[in-house]
Amino acid sequence: MSEQTVESTEQSLRTDVRTWVEANWNPDASLLEWRNKLIDSGWGCSSWPEEWHGRGLSIGLSEAVDDELRKAGAVGVAKAGARMLAAATILEHGDDFHKDKFLRHLLTGEDTWCQLFSEPGSGSDLAGLTTRADFDGENWVLNGQKVWTTSAHHAQYGIVLARTNWDVPKHQGITYFLMNMEQAGVEVRPLQQMNGHASFNEIFFTDAKIAPELMLGEEGKGWKVAMTTLAHERRLVDGIRSWGRGAKGQGRIYDELKAEIANVMEPYKWYPQRAGRVDLLIERAKATGKYDDPAVRQSIAKVLMMAKAAEWTGRRVKAAQALGRPPGPEGSLGKLAGSQVARLAAQAHTLIAGHDAMLTEEDGALNGIISEVLISTPAESIAGGTDEIQRNIIAERSLGLPKEPRTDVDRPFRDVPRNTVS
Amino acid sequence: MQFTFTDEQEEFRLIVRRFMDDKSPRTEVRKLMDSEQGYDAAVWKQLSEGLGLPGIHIPEAYGGQGFGFVELCIVLEEMGRALLCAPFFSATALAATSIIHAGTEEQKLALLPGIASGQTLATLALSEANRDWLPCNTETSATPSDNNSGDNSDDNYLLNGEKSYVVDGHIADLLIVVARTPGTAGDEGLSLFTVPSDAPGLQRRLLKSLDPTRKLAHIEFKQTPATLLGELNRGGDTLPPILDLAAVALASEMVGGAQMMLESALDYAQLRMQFGRLIGSFQVIKHKCADMLLDVELAKSTAYYAASAAADGAPDLPTVASLSKAYASDTYMKSAAECLQIHGGIGFTWENDTHLYFKRAKSSEVFLGDANYHRDQVVLRWENQA
Ligand SMILES: Cc1cc2nc3c(=O)[nH]c(=O)nc-3n(C[C@H](O)[C@H](O)[C@H](O)COP(=O)(O)OP(=O)(O)OC[C@H]3O[C@@H](n4cnc5c(N)ncnc54)[C@H](O)[C@@H]3O)c2cc1C
């Protein structure tokens, strides 16, 4: 498509959305009522296929649709959290039963989902998971432990990976399930982080039951299904960022939305601090007088420059994507750049805070926001794949360097050395 | 200059380490960091009466052990390694050092034995809110009080002002306060004063510290009676060497912590498996550990050199004090961050001990001046380098 056609398609699309919203938007409706209407119209998640609540639009165009909804002050469908990972995976690998059972309730916000992948014994090596599912003739029976699960304490459903065959190489014995979290065999315990928050949970399965029809994809083919989920993880973060927008307004629906946001966003409230709060650097330097110190300015400049360079790299990737060009190596760098920005930002914030870096909460700089930066940024180089793993992926996939020799994929999983913790 | 420890010093280190292993396991650290007091009085008593640690570098004439700064630094290194929660840095490294260097003979005889025996908890109140550690930024004032009889003017002053980030200030019995004569500015007109913590007009409040194993207080003085320590208006001369010695002491404590981070990372790298092998078998983890060793050993060398210079009263002490503090700031922080990274997700949890050290490293990084400040001083003071 030429750039011109793209533009004119987008303009007429925006007009269609505006017309529909003008005719239908009602801030005094209930959130549920409105979302059902939005889902029926196909504008709620317009990149989804037409037969499943969407209009089959490209990502670029569906963003334009979302933008129009936002401009009109209209509330969107429930888009944040693991629900979107579940949705994307169900859309690609689910059958009509799955799509019919789960998609609408997930978009209305009635159902909350969680992602049950990481385990205490397997993080970087996700395929080394040891949670087991055994078929008892009627149900799959789940035993094992998961960790780092957000929102599990109020989730109705989870996407879960479990090992169903121990006698084949690790990637071939994994099965992907959709599971009911509200049952006796599932115990959820909060996991406290070093910054004091408890945004995550540890989950213990003791003979938890999964009905056979809730298997997603085939038995032993779960790894391929999981790849779809992981591919959508990055967009999840953007979804979280934009979630809170558009919650300002008067009317019943806004009140309901605010309550929903408060609930859903609770685990994420320290996420801006985790990314380093680059936005606060200059303001803080001026407030503390450190702005006059050339050494401090050098530190700040390094962060600002890298943050901008990373942002523009992201924009380059998106712009090329919108024109349908094949992805280049620059597309794999965002995560690594982000953790370096966070680390440099924490250093600069330390220099700016001076002594106040010794204090926290209400005694700390900016009422504790800065100390939260200092003790949250280490997550950035671990969560969602460590820096070391990112570098391996970049080197091997983007740069084509020889793969690390592996000794864990050529034999039955049963025979692979592994941690005893789980 | 002493480049290695004597056999006696090595033996002494072992005794201190055994004590720390026994009395300051992480379970105790976690218990004490959550308490308001912040230390265990019984352990403090054993550490004082059994080992005489609070008086380690206090001369025998004043009730101390009569060892030098090298021994003090050995103790601090072991305490930093164990993350001991006790008012040692405040009483011995800060307050006793201040009295030794600024007090009159009479005052040393009166004040030091209590600190040496562990009975007096003391600290130094220098820094003020939103200021750095430079004495010249002191605003707290000291005015002669009415009953200050002209010729015997040591005694009676009234303090007005606020101090912050005062280590163990919430439990100290004796405060050594830096204040200035009204109408003076910069390094002129600075003096040290002693104030008992129950003095009238004194209010103190425990602050929320990022590192809960090091308690900090905010202290307010309103017409608070104080006694001059040493001579009036001499703080501009006495404080810089005191702060140099404090920086050396802190650097020693920090390298002890950094060493623990290295050991903890090594342990985990040889325990944790991913992809069917120990993570320590991945080259990137090996390189990280090798780099940590490089950083930690270099930082130790600077801390040891500085301790020896402090013990000898060497002319290059100001330079190497800043050098060792800057080195330790960078190294401890980096070691803690790498140790956390090598632990992966578990390193970010409250349950794992890495964050206790990470927070100590972060807090110590800026305590007594950050690495930028001390690097600057290294260059400015370089001429004194032998
Ligand atoms: C704040 C936070 C949020 C998280 N959120 C989620 C979530 O929502 N969902 C979820 O499923 N998980 C989540 N996680 C878990 C996260 O994905 C894992 O912690 C991460 O993948 C690392 O795994 P691990 O903790 O088991 O560390 P390990 O894999 O044990 O790694 C330990 C160390 O070894 C290194 N290492 C491992 N393999 C290699 C290799 N091949 N080459 C070189 N070095 C290697 C690592 O880089 C690391 O330094 C979260 C973690 C954190 C801290």
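In this predicted model, helices H2(A) and H5(A) make a right-handed crossing. The axes of H2, residues 31–41 of chain A, and H5, residues 96–108 of chain A, come within 9 Å and cross at roughly 125°. Angles from 65 to 115 degrees count as roughly perpendicular and those over 145 as roughly antiparallel, and H2(A) and H5(A) are therefore oblique to each other. A second topic is the ligand, which lies between chains A and B.

**Surroundings of the ligand**

- Of the 29 residues around the ligand, those that come nearest are A:Ser124, A:Thr386 and A:Glu388 from chain A, together with B:Arg272 and B:Gln341 from chain B.
- Sorted by class, the shell around the ligand is made up of 14 nonpolar residues, 13 polar residues and two charged residues.
- At least two residues of this shell are supplied by each of four elements, namely strand S3 (140–150) and helix H14 (387–398) of chain A, and helix H8 (283–312) and helix H9 (317–343) of chain B.
- The largest share of the shell, three residues, comes from H14(A).

**Polar contacts and burial**

- In chain A, an N or O atom in the side chain of A:Ser118 is 2.8 Å from a nitrogen atom of the ligand, while an N or O atom in the side chain of A:Ser124 is 2.5 Å from an oxygen atom of the ligand.
- In chain B, a polar backbone atom of B:Gln341 is 2.7 Å from an oxygen atom of the ligand.
- Taken alone, the ligand exposes 960 Å², and the protein buries 92% of that area.

Definitions and conventions:
Residues numbered from 1 in each chain as written. Chains lettered and ligands numbered in written order. Predicted model: local features only at pLDDT ≥ 70, side-chain atom pairs only at ≥ 80, totals over all residues. Heavy atoms only, no water. Near = heavy atom within 4 Å. Polar contact = N/O pair within 3.5 Å; in protein donor to acceptor, adjacent residues only side chain to side chain. Areas by Shrake-Rupley, 256 points an atom, 1.4 Å probe, with all protein chains shown as cover. Nonpolar A, V, L, I, M, F, W, Y, C, P; charged D, E, K, R; others polar. Axes fitted to C-alpha atoms, helices over the stretch in contact; angles between N-to-C directions. Parallel < 35°, antiparallel > 145°, perpendicular 65-115°, else oblique. Left-handed = near helix turned anticlockwise from the far one by under 90°.
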